[in-house]
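Hello,

Here is the structure I promised to pass on. Please open it first, then read my notes below.

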Amino acid sequence: MARTSKYANINKAMSSTVKWKAGLYLRLSKEDGDKDDEGKLESDSISSQRHIIEDYLIENPDIEFVSEYADDGYTGANFDRPDFKRMIDDIRLGQINCVIVKDLSRFGRNYLEAGQYLDIFFPVMNVRFVSVNDNIDSHLFPSSMDNISVSFKNVMNEEYCRDISKKIRSTFVAKFENGEYLCGFALYGYEKDPVNKGKLLLDPIAAEVIKQIFQWFAEGKTYRWITFKLNELGIPNPAKYKSEKYPNYRKDIGKSGLWNIQTITNILKNRTYTGDLVQGVHEKISHKIKKTRKTNPDRWVIIENHHEAIVDKQLFFNLQQIMNRDMRISQKTKELALFSGFLKCADCGRQMVKRLAGHKEFRDIYHYYTCATYDMQTKSVCTRHTTRSDVLERVVFTVITKFIAMAIDMEELIKSINSSPQKAASTSKIEALLSAKEKEKMKIENILLDLYPDFKNELISKAQYLLLKDKYETKINAINANIDSLTKVLEQEKEGIDGTNDFIKNFVKFKHVDKLTRELLIALVDIIFVYEGGGVEIVFKFQDAFQRAADYINTNRNLIADSTFVPTNELKERVNLVEVI
């Protein structure tokens, strides 16, 4: 142990009538240390504690030094410390029967646990406890252990720890809100910026793995399939990859470094891959223990567009929506069925289940969907709602292509409207009015700024100052209201001008699609209701965006040369499959 020779010299100077075999306990938390100084092997405070106890040993020859226990960089909020545990084991083995600390705060800051050791464990084990600076000695001054000041100091030590914990949490939150990435290692798929450790940069190798995982899941592959595929390809899991890339990454990775389903699930649910930094997801249950719990989403700190995205944001949120649904796996392909998570009974609201029907000898085999309530629970609550899979697939694809074609037409019409001379003139007029109002506002603000110096220089009276101040502030408020109104009108005038309408953007990108895929359903379809008698209703996403685009076209119909096009009323369609068959 460090400083053993010094302790040996102390022991030589002691009387031969040694009664107590001492273990010296030293502790310093990370927040109090000075280990950032690379030239130091231990904190100054540890050395200071040791010197104080050395002096005490010299003055008490009946105590013999046996061992030193030092937890440098460990919190006092709990007793989960390696050298403290070693000391307790040595007490049980009878190697020491005296514990000496500089003061109670070095022993621990957890009031309840500290009390259990001081009031129960040490007396039962006949251990002498000495706190030098607190003048506590359970052998020489037994009453010092019963003194109310001991309990009070333990409580104060715990309150100090609680207060430090709150301050650290507040500091973290402030840094979260400032967009600083605070984890020790970058999230798999990224690496820390070598210049600014609080920023994230793409890790090209890992980022490609992340992209592939999301792509496979969008195509209908299951968590299990993705897990097996990655392991089959010999791609190391995140922990294994980090341990190979960063020598100081010490997370227990086991021997295999294989992927598992939980890792895949965590990746698919992590919004940080969209470029949004999400922190504060977990918190310590208490400053006394190391365990953490997940916080409520409304307490998460999210900085949008913080770093380069690996996964398209729209795809990510589409997958989150589908992950929360009941998804059936094809027993033949071991993959998610095409419509898994999309079909619901229009009457009872339960998922539809896939079944096989037909005669093998006549090769008349087909799949169909039926209501889960009717099929698996009770036939008295709901009916079959039977729908053939092949017919449903054909009809849904036909309806989707219809809306894709409509999105293409609407995009062209909006371009035509926005490029028309009348529209350009109208927009320019509003922009000119808005610019004039901004200039007027700036002029009045400058006048308002000059009022106070005029008042201080006695160029105007106090009554005049207050009257003019109120007058110009009222004018500024009126101009601000006017600016807000003009801005809204301008936004309406420019609706769709930059092609950011979600309905048009998401439907048009599939204009070359030639078959129905799960990726297509995830991107465009919200839900498909199946009615008794063969009817289905396909409800699409982006209802609000569609309505804005349709309203914009109808409002500006006078600017369109060919005004025969009329958008449908809603972004959904009811189809009778019986008629299709």
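Start with helix 8 (residues 204-218) and helix 11 (residues 261-268). Their axes come within 10 Å and cross at roughly 90 degrees. Axes here are lines fitted to C-alpha atoms, for helices over the stretch in contact, and angles run from 0 to 180 degrees between N-to-C directions. The two helices are therefore roughly perpendicular to each other. Angles from 65 to 115 degrees count as roughly perpendicular, under 35 as roughly parallel, over 145 as roughly antiparallel, and the rest as oblique. Helix 8 brings I210, I213, F214 and F217 to the contact, and helix 11 brings I264, I267 and L268. Contact means heavy atoms within 4.5 Å. By class, the residues of this contact are 7 nonpolar, no polar and no charged. Ala, Val, Leu, Ile, Met, Phe, Trp, Tyr, Cys and Pro count as nonpolar; Asp, Glu, Lys and Arg count as charged; the others, Gly among them, count as polar.

Some ground rules. This is a predicted model, in which local features need pLDDT of at least 70, side-chain atom pairs count only at pLDDT 80 or more, and totals for chains, interfaces and linings use all residues. Residues are numbered from 1 along each chain as its sequence is written, and side-chain values use heavy atoms, with hydrogens and water left out.

Now the overall count. The protein has 20 helices and 18 strands. Helices (H or I, at least four residues) and strands (E, at least two) are DSSP runs, numbered from the N terminus. Of the 581 residues, 41% are buried. Buried means under 20% relative accessible area, exposed means over 50%, and partly exposed is in between (1.4 Å probe, protein chains only).

Helix 14 (residues 389-419) and helix 19 (residues 543-555) pack at about 45 degrees, with their axes 10 Å apart. These two are therefore oblique to each other. Which residues meet? From helix 14 come M406, M410, L413, I414, I417 and N418; from helix 19 come F546, A549, A550, Y552 and I553. This contact has 10 nonpolar, 1 polar and no charged residues.

Two strands pair if DSSP finds at least two bridges between them. Strand 1 (residues 20-28) runs parallel to strand 2 in their pairing, over 9 bridges. L26 stands opposite A70 in strand 2, and L28 has D72 as its bridge partner there. Strand 2 is mostly covered, with 7 of its 10 residues buried.

Most residues other than glycine have a negative phi. H385 is not a glycine, yet has a positive phi of about 55 degrees. H385 sits in the loop between helix 13 (372-377) and strand 15 (387-388). E458 also has a positive phi, of about 65 degrees, and is not a glycine. E458 lies in the loop between helix 15 (421-456) and helix 16 (462-493). Buried or exposed? H385 is buried, at 1% relative accessible area, whereas E458 is exposed, at 71%.

Best wishes
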